Amino acid sequence: MLVMIAENDGLHRSFARRTVEQLWPGDVEVIEAGDGEDAINLAAERQPPHVVLDLQLPKATGIEVARAIWSRRAGTHILFWSNFADEAYVRGVARIVPPGSVYGYVLKSATEEGMRSALRGVFREGHCIIDREIRGIQHRVQDRFEGITDGEYESLIDIALGLTDRAIAARRGLSIRGAQSRIKHVYDKLGIVPPEDGAGEASVFNSRTRAIYLAMARGLINIDALRREQEQLDAWLAQATPLQEQ
């Protein structure tokens, strides 16, 4: 049984190795990577069928590592291991999991027995094991009244990257009115009343910057997500026809 542990913190990496080796004494080989690039290269070389993967890695994020691993071997069982229950990470994982793949998402605040149960479930029993807090976020994402839809999330990201309504419309293939409608839905779900729609305290805030703050406070977006999205935006800008002045 070959297990790769990708974790940049030495103490966490040692804990994960010890837990794996105690679960399957004499029946497991553990290989380690200390950053995302090493994890991608080591996975390509050794093709581990089981991976413990931190979501916050230097050089390449856990999402990027998982995408690279699954692109080569969709049957790899991955246990995502994180300090954070950000909705940005939950969405990021959901967007790259191949159909039918076995994976888990456990928080580092879990007990040692919780970690053991997750490892057994994902690696040996072939079950998807999701931390209760993470499952709650998944349900919120899927709630059509509270959750931000994929289209609305794209608009939120575009706002955070500083795009204008016209640029958002061009990037997402929408009319300007359609882009503005999506943004309005984002405001509604974040509880923002635009100044033109209200009075009093509503005029204190700039709606766009307030949306960014509330999204970050809720964990909808984080710096890792924004970095990945900026790379995609750069690629789009390199290919897009310059926006014409209206």
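Select Val-3 and, in strand S2, Val-30, which stand opposite each other; strands here are DSSP runs of E with at least two residues, helices are runs of H or I with at least four, and both are numbered from the N terminus. The model is predicted, so local features need pLDDT of at least 70 and side-chain atom pairs count only at pLDDT 80 or more, while totals for chains, interfaces and linings use all residues. Residues are numbered from 1 along each chain as its sequence is written, and side-chain values use heavy atoms, with hydrogens and water left out.

What covers the two faces of S1? In a regular strand the side chains alternate between the two faces of the sheet. Here Leu-2, Met-4 and Ala-6 on one side, and Val-3 and Ile-5 on the other, are all buried, buried meaning under 20% relative accessible area, exposed over 50% and partly exposed in between, with a 1.4 Å probe and protein chains only. Because five of its five residues are buried, S1 is largely enclosed by the rest of the structure.

Then colour the largest nonpolar core, which has 33 residues, with Met-4, Leu-53, Val-65, Ile-78, Phe-80 and Tyr-105 having the most contacts inside it. Helix H3 gives the most to this core, with six residues. Apart from it lies another core, of 24 residues, among them Ile-159, Ile-168, Ile-183 and Tyr-187. A core is a set of buried Ala, Val, Leu, Ile, Met, Phe, Trp, Tyr and Cys residues joined through side-chain atoms within 4.5 Å.

Finish at Ala-238, in helix H11, residues 223-239. Ala-238 is exposed, with a relative accessible area of 67%, and from Leu-42 it is 196 residues apart in sequence and 32 Å apart in space, C-alpha to C-alpha.

Definitions and conventions:
Two strands pair if DSSP finds at least two bridges between them.
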